[in-house]
Amino acid sequence: MRCFFALLLMLSVCQAQDGTEQIRLPISKEVVTPAAITELTEESIFVIEADVPCIVLASRTGFVAVTPETGPLRIRGKFADGTKVETRAYTAKHLWIIDAVAKGEVELLIVPNGAKAENEVVRRTLIVSGSGPRPPTPPTPIPDPIPTPTPTPNIAGKRMLVVYESKDLTKLLPTQIALMSSSALRAYLNTHCEKSSKGHPEYNFWDKDVDLTNASAVWKNAMALPRDSLPWLYVSNGTTGYSGPLPKTEEELMPILKKYLGD
Amino acid sequence: MTNLDFSPPGYSKGLIPRNYAKNPVGYNSKPFDLPLIPEDEWEDRLQILLKAKAQLSDLRNIGMNGSPIPSRDQNGKGYCWAHSTISAMLALRALMNLPYADLSAYAVACIIKNYRDQGGWGAESLEWVAENGCPTSEFWPQQSMSRSNDTPAMRENAAKYKVKEWMDGEPRNKQQLVTCLLLNIPVVSDFNWWGHSVCSLDLVSIRPFRTRIWNSWGDGWGENGTGILEGSRAIPDGMIMPRVINVAQE
C-alpha cells in the first residue's frame, strides 16, 4: 500500500515529453494516505519549481502566502522537507515560495498554462502549523465491506474503464461478455459518468492494445494504470475508486459502480 | 419475420466474390485465431446475451447519443464491399463506447477503385482501411464521388479511424461466424447467393439458424436497415472480422 501511494505521489508531477518533471514539489518526509500531505510550520517555506508557466492557487485563502519568483535563485531558510536552515540553489525559471500565514489545512493547486484536463493539475495539501495547537488528525476510515484491493483515485472525475484482451474473449465468462454490452449497464453509465466536452458519457471498454494516439489525456493516463490481469476494471469518482479484476456478473459489478458513481 | 426484398429496384450491391485460389485465407491478413466456442455452449451463451440485451444490434440502437446509428447507404453504386467494413467499424465503436463518427465508405471505395463504380469483396476494403483508415463525412461527404475530396486533411482525418486487429475467416465456416457473434465481434460478410456484402451483427437463433445483418441500403430497408438471414443463406462465403480499432474520440 505504501509503495502504491509513493507511486501516486511521484505521479503528482507533470512530465515533459522527454520524461523530465516539469513541476517539482518537495518530497514529503513521510507519505500519508489517502493523499500527499506536507506539514508547513511557521518558520519553514515550501518551494515549488516548474519549467513551465503555471498558476498557483491556495484553496482555502488566508492560510498561506504564495509569492512567485523568477529563477534561477538561491534561497536560504528552513524548508518544509528539510531539518535545518540551509541554502538551496533552484535552477528552474518559475518558482513560488509558500509561507505559513495562519494555522489550518489548505490545498495547493498548480495549474500549468494551457492545461486542458483535470489530471494536468498538480495538487498538494499543506497542514499549516505553528506554536499553537495542530488541526485534529482525521479519523481512521472504517474498512469498507466491499473488497477494494487497489484504490485508484488517479482517473479524474466519474469515469469507468474496462480493459480486456480481444484475443482472449473466449476465456471470459459468457456473463462477462454480456455485461460489457448490457443495455441496462450502459443506461446506468450514460447517466452516472461525467460527460466529455462534447457531451459523450465517459466510460470505455477497450482492448489493451488500442492505439491511443488520438485519445484524450485522461484516457491515456487511465490506460497506463497498473493492473495484474485481464479483464480489469477501473472506477473512479475523482477522489478515490476501484481497481481490480472485472467482476463475473453484472450483479457483482453494480455495487462497485454505485459506491463510486452513485445510485 | 419481415419478408425482405433482397433485390429491390434501384438498389445496388457490388460483391465480386473473393477468389480464394488466388487470395487464400491469410494472404494479406492474419487468419482467424480465436478458440472456437463449442456448439453445445451456443444456446446458453445466446440466452445470456438476449437476457441482457447485449448484442451488437442493441449497441447500434443507442450508439449515436442514445439513438440508433444510421445505416450506411451505398446509394446505387456497387460499393457494398466497402460499406460492410464501415458498418462493422461503427458497431465496434459503439461496443467500445466511442462517440459516433459518420464514417464515409465512399472514400474507401473511390480511392481503391480509382473512382470507378466497381465491385469488390469485404477483405479488400478492410485491409485498405487497416492501412489508410476512413474519413468522416466532414472530410468526404457521404455518397460523393469527387476527386477533390482527396486532400491531405482528409487523409489525416482518415488515419484516425483505422482497424488495428482483425482476422481473416474461412469461407462458409459456421463455427467461426457464431464464435464471433457470441463474442460481439462484427463480421464483414460476403454472400455469393446475394451478390452482396453486409455486416453480420447478431446470432438470432440456432434452430432455425438465423443471423441479423446490417445492410447498406439506408434505414428504410428491413428493420431499420437490418434483416434476418436464415439457414445456409446466413453463412457467408467470405468473412473478415475486425476486433480492435483505433481510439478516436472527436
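Which side-chain oxygen reaches the backbone nitrogen of A:Ala184 at the start of α3(A)? Select A:Ser182: a side-chain oxygen of this residue comes to within 3.3 Å of that nitrogen.

Before going on, note that this is a predicted model, in which local features need pLDDT of at least 70, side-chain atom pairs count only at pLDDT 80 or more, and totals for chains, interfaces and linings use all residues. Residues are numbered from 1 along each chain as its sequence is written, chains are lettered from A and ligands numbered from 1 in the order in which they are written, and side-chain values use heavy atoms, without hydrogens and water.

Next, select helix α3 of chain A, residues 183–192. Helices here are DSSP runs of H or I with at least four residues, strands are E runs of at least two, and both are numbered from the N terminus. Colour A:Leu185, A:Arg186, A:Tyr188, A:Leu189 and A:His192, the buried residues of the helix. Buried means under 20% relative accessible area, exposed over 50%, and partly exposed in between (1.4 Å probe, protein chains only). Looking down the axis of α3(A), you find these buried residues within an arc of 160°, so they line one face; the arc is taken from the directions from the helix axis to the C-beta atoms. The face turned away from them carries exposed A:Ala184 and A:Thr191.

Now show what the buried residues pack against: the elements include β11 (158–164) and α5 (250–261) of chain A, and also α3 (80–96) of chain B.

Last, select A:Lys208, in the loop between β12 and α4 (217–223) of chain A. A:Lys208 counts as partly exposed because its relative accessibility is 35%. Its side chain makes a polar contact with that of A:Glu165 at 3.2 Å. A polar contact is a pair of N or O atoms within 3.5 Å; within protein, one must be able to donate a hydrogen and the other to accept it, and residues adjacent in sequence count only if both atoms are side-chain atoms.

Terms used: Contact = heavy atoms within 4.5 Å.
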